[in-house]
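Have a look at it first, and then we'll go through its pockets, its sheet and its helices.

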Amino acid sequence: MPTPALEVVLLGTGSPIPDPNRAGPSTLVIAGAHRFLIDAGRGVLLRMAAAGVGPNQLTATLLTHLHSDHLTDLNDVITTRWITTFAPLPLRIFGPPRTGEVVDGILASLQPDISYRLAHHEDLTWEPPVEVTEVVEGVVFEADGVRVVAAPTDHRPVAPTVGYRIEHAGRAVVLAGDTVPCEGLDRLCVDAEVLVCTVIRDDLVH
């Protein structure tokens with residue numbers, strides 16, 4: 001069976017309300033040799049493990065917006081990648097403006113744990129390396145025939161928010177996060193095969 005140009009794995013499709021049957025919002029996209037994690041909701045690493053992928057295999061994490069349910073377990077992604085990577089290979093995080101502020105806060109909260117691990121493990125000689133790029137629109141990644149494009153979405157009053165289009169071998173998938181139809185999303189979706197978009201039941205918001 002031929003290897004698909006793009007593989008989309010829904011890791012979590014839950015809402016902000018904890019659900020025993022659904023992990024928090026997160027999606028894994030495999031494009032050639034690259035693996036992208038889109039959002040990092042509750043339980044994301046457990047679902048990644050079930051899919052046979054570890055955080056040390058990620059090319060990048062793409063955040064659609066900074067609502068807590070979409071980045072609840074980003075700290076776990078950062079920490080687990082750090083302790084399972086045998087060189088200081090940065091975790092690349094792309095997200096909307098203020099992503100750097102959020103990641104700095106996560107790293108600050110992890111400082112006690114970081115100091116404990118550095119003290120207890122002789123082969124761990126560096127703090128968690130993280131490389132944050134704040135994006136609104138345009139090409140955010142391009143290598144090995146894989147291209148990732150960002151565009152603004154509409155999740156007001158949360159702003160700014162972004163969606164991503166991942167392209168490989170003539171195929172494209174769009175990861176929209178939380179949004180309503182809007183011009184930026186329309187542009188991302190042109191000729192794409194798959195759209196992954198959050199929907200929520202009316203009884204959870206009224």
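Predicted model: local features only at pLDDT ≥ 70, side-chain atom pairs only at ≥ 80, totals over all residues.

Residues are numbered from 1 along each chain as its sequence is written, and side-chain values use heavy atoms, with hydrogens and water left out.

**Pocket and cavity**

Both are found on a 1 Å grid over the protein atoms alone: a cavity is a set of points where a 1.4 Å probe fits but cannot get out, a pocket is an open set with protein on both sides within 12 Å along at least five of seven lines, and lining residues have an atom within 4 Å of a point. Grid points are joined across faces, edges and corners, and a volume is the space filled by probe spheres set on the points.

The second largest pocket has a volume of about 270 Å³. It is lined by 17 residues, and the closest to its centre are Gly-12, Thr-13, Val-196, Cys-197 and Thr-198. Strand 10 (171-177) gives the largest share of this lining, three residues. (Helices, H or I with at least four residues, and strands, E with at least two, are DSSP runs numbered from the N terminus.)

Six strands form an open sheet in the order 1-2-3-4-5-6, with mixed pairing (two strands pair if DSSP finds at least two bridges between them). At its edges are strand 1 (6-12) and strand 6 (130-134), each pairing on one side only. Inside the sheet, strand 4 (residues 60-62) and strand 5 (residues 91-95) pair in the parallel sense over two bridges. Thr-61 has Ile-93 in strand 5 as its bridge partner.

**Helices**

Now for the angles, which run from 0 to 180 degrees between N-to-C directions, with axes being lines fitted to C-alpha atoms, for helices over the stretch in contact. Helix 2 lies across strand 3 (34-38), strand 4, strand 5 and strand 6, while helix 3 (residues 99-109) lies across strand 5 and strand 6.

| Pair | Angle |
|---|---|
| Helix 2 and strand 5 | about 160 degrees |
| Helix 3 and strand 6 | about 155 degrees |
| Helix 3 and helix 4 | about 55 degrees |
| Helix 2 and helix 4 | roughly 10 degrees |

The axes of helix 2 and helix 4 come within 12 Å. Their angle makes helix 2 roughly parallel to helix 4, since angles under 35 degrees count as roughly parallel, over 145 as roughly antiparallel, 65 to 115 as roughly perpendicular and the rest as oblique. Contact here means heavy atoms within 4.5 Å. Thr-79, Trp-82 and Ile-83 of helix 2 make this contact with Asp-113, Ile-114, Arg-117 and Leu-118 of helix 4.
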